[in-house]
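Please look over the model below alongside these notes. They are numbered so that each can be checked in turn.

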2 protein chains.
Amino acid sequence: MVLIQTPGNMNEYCYTNLYRNNDKQSFKKKSKMLERFKADQNEIVFVDSKSLEKISKEILVKEGMRPSFAASVSEALLAADIRGADTHGASNLIQPYVDWIRNKKTNPDPILKKVQDFAAIANFDADNGLVTGFGKEAMNIAIGKAKKFGVGVVTIKNAGHSGAIGVHAMHAVEKDMIGMVMTAVNPIVVPTFGAEQRLGTNPIAVAAPANNEADFLFDVATSTIAGGKAKLAELAGNKLGPYTIAELNGEPIKDDVFLPDMKFEDILFLPFGGSRESGSHKGYGFAMVAEIMSGILSGCESLMINNTRNDPRGALNSHFFAAFNIAAFGDVEKFKTNMDQMLKKLKETKPSPGNKRVIYPGLLEREEEIFRIKNGIPIHKNLVEWLDSLSKQYGIEKIHRKVGTNR
Amino acid sequence: MVLIQTPGNMNEYCYTNLYRNNDKQSFKKKSKMLERFKADQNEIVFVDSKSLEKISKEILVKEGMRPSFAASVSEALLAADIRGADTHGASNLIQPYVDWIRNKKTNPDPILKKVQDFAAIANFDADNGLVTGFGKEAMNIAIGKAKKFGVGVVTIKNAGHSGAIGVHAMHAVEKDMIGMVMTAVNPIVVPTFGAEQRLGTNPIAVAAPANNEADFLFDVATSTIAGGKAKLAELAGNKLGPYTIAELNGEPIKDDVFLPDMKFEDILFLPFGGSRESGSHKGYGFAMVAEIMSGILSGCESLMINNTRNDPRGALNSHFFAAFNIAAFGDVEKFKTNMDQMLKKLKETKPSPGNKRVIYPGLLEREEEIFRIKNGIPIHKNLVEWLDSLSKQYGIEKIHRKVGTNR
């Protein structure tokens, strides 16, 4: 069996493939046979990660994306796939990205345009390009500034989908820095006490380096669950957990419930915490932090004022990237040793009943990475078929299967 | 009646006075007569805010604090009192601060010692002084750097109590900047799946300026509730809400429960979110973010490795301050207009059943500030008696009562 979702995971990701088939209904019928969050092994194919990255890039180029940008997008997608963040990997995003290019909902040849540049900070316009492709560039600019000034901050407006923002935060970690990324997206979340959508699932990610232990990588939506996870539950024919969505009058739904049979964008999602009693005001507040740091700081109206969901150019988002240069604050080796001590102590914490061990954000992702580097990426056979058909159409090399992989 | 706790408040504060009497038991008996979170009007005295700031300063000086530092501490305490954050104001902290000076648990004459200073960042040692007193200085250093570089970051180690960190974040707002403050304190919180204390209630605050609407001020513990709020419930003879604490084996307690009759420091608190199903991994992750940005970045071992609770010098914490200069990113007036639009839209959101209006972090605090500037600060009569006895002992002016104030 392939692990489709790790309930113990500290981040937002799910081990599955959402966009397996454009015909959602036919997939839904199939998925009814699945156990909750587990895919039938016969429906999963393990593919070589390098080959998935290569074919993603080649398809995006054939669809009209410039090669250098297609390479960046594919690199970020694969960085998510390899860590098990399938909802944010090529395995789930290559199909919608192709759709968006075909429907002119993203600019396949965008330029990162400078709006402001002042010492340790900069503000860019993404020209309606995917931040999945601009993330590394933006974080590298922040890293360059952090080398020179100790800290560097980059905001981006008029931007497209960001992919897994933790992937961008990790570029800072590679340079012995702390990375912080936030994103403001179109509203589907109700504020505490409210009955109308006002905030996006606005994710926040922070990554910090360790020496021997898996790096700290925290990456979460500020809603109870990320949008992709809700879609997964629907596709798998399963219910959402308590306090994930609200009734249409804004009342938090306290029980397990199916995603309502209505337009996804019209569903009222709840901020992380669920209701005021259980702390939704904190999820709501963190969502506002992401909105302010990403959107309003980069010069945009809030997305609750200027909803870009139906913008003919595609939904426009905003992003915040920061790099903190550990060497400027003190000794890098000491920092990483202290991180190791802390992370080891957390791992060795006595677990509560029913739990085998204590984990921390980034640990399972690193374990998954080790497994997938060796064994490949599990993707749905429908995606393999789709990739094969495009290979034939475009005359490019077919994706490489990994034979004999199992868990 | 005096509003003691606003269940609708978006932050961590409570409108009450915790440290009204050193004899906790005798107070407990009294408090049994109180309605949940409401104080008997006969027990509350409204005092002039300037007079409370003045007497706080004079007492701290008489107890051995240097006048300039006592002024800073009192200014920060009163900034909390005036906004209704009584748990973090002079009304609750002047008595323990005096205790700590007498028991040598804080250095009354500390110097902010530079450890590192590199362009846009700096790292200090607080010399075991209260960060309540150093907060404005630290934020002002960050603001100065943000003026020059667009962003400024200051970390502080070997530090004492921070007071209300939102107060320090607001100094950035006064200069048209975004302020961000985090604090790492000694562990009382269990990680998700864990049965041992590993993280503090580690608060995070972010403040951002508006024009006509109340400024955004988000200030929350990363545990389900702040420690002070738990103590309040105990003093008032009331139960804690669900998912606030864990059984001694780490199992989250799902029901309303009294604070156990044991040392406060040994109680297992839960990260914000409660259990994994309801999202405790997010509270846990944000607590780690505060630990890393405040403690490990400033050069300390994690407090879960080097617990300073029983340090003869008093508990030592770590702090993070950042200022983001809005003018460096774009137009300040546009930013504040966009903030106004967003905050107004939130206020005007249709409320869900049973709720009169939608609020946002900072709104109730501003409304309380307007009320208290006019009507004074409500403090418990026991605190007034204590202040009067010290006035007599030290030969200083008595605190000014406000006559005729009521809600």
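1. B:Arg357 and B:Glu367 join their side chains in a salt bridge of 2.7 Å, N to O. A salt bridge here is a side-chain nitrogen of Lys or Arg within 4 Å of a carboxyl oxygen of Asp or Glu. B:Arg357 sits in the loop between α10 and α11 (363-375) of chain B, and B:Glu367 in helix α11 of chain B, so the pair ties together parts that are 10 residues apart in sequence. B:Arg357 is partly exposed, at 35% relative accessible area. B:Glu367 is partly exposed too, at 34%. The classes are: buried under 20% relative accessible area, exposed over 50%, partly exposed in between (1.4 Å probe, protein chains only). Helices (H or I, at least four residues) and strands (E, at least two) are DSSP runs, numbered from the N terminus.

2. A word on the source. This is a predicted model: local features need pLDDT of at least 70, side-chain atom pairs count only at pLDDT 80 or more, and totals for chains, interfaces and linings use all residues. Residues are numbered from 1 along each chain as its sequence is written, chains are lettered from A and ligands numbered from 1 in the order in which they are written, and side-chain values use heavy atoms, with hydrogens and water left out.

3. What does B:Lys336 pair with in a salt bridge? Its partner is B:Asp176, at 2.8 Å, N to O. B:Lys336 lies in helix α10 (residues 332-347) of chain B and B:Asp176 in the loop between α6 (165-174) and β7 (177-184) of chain B, so this pair ties together parts that are 160 residues apart in sequence. B:Lys336 is buried, with 11% relative accessible area. B:Asp176 is partly exposed, with 24%.

4. In chain A, the side chains of A:Arg372 and A:Glu368 form a salt bridge of 2.6 Å, N to O. Both residues belong to helix α11 (residues 363-375) of chain A, four residues apart, about one turn of the helix. Are they buried or exposed? A:Arg372 counts as buried, at 0% relative accessibility. A:Glu368 is buried as well, at 7%. Over all chains, the structure holds 39 salt bridges.

5. Now the interface. Contact (heavy atoms within 4.5 Å) links 96 residues of chain B with 96 residues of chain A. The two chains bury about 7,800 Å² between them, 72% of it on carbon and sulfur atoms. Buried area is the accessible area (1.4 Å probe) that two parts lose on being put together, summed over both. B:Phe193, B:Lys282 and B:Phe329 supply 11% of the area that chain B buries against chain A, more than any other three residues.

6. How many salt bridges does the rule find across the interface of chain B and chain A? It finds zero.

7. A:Arg198 is in the loop between β7 (177-184) and β8 (204-208) of chain A. A:Arg198 is buried, at 9% relative accessible area. Its side chain makes a polar contact of 2.9 Å with that of B:Thr349. Another polar contact, of 3.2 Å, joins the side chains of A:Arg198 and A:Glu196.

Methods:
Polar contact = N/O pair within 3.5 Å; in protein donor to acceptor, adjacent residues only side chain to side chain.
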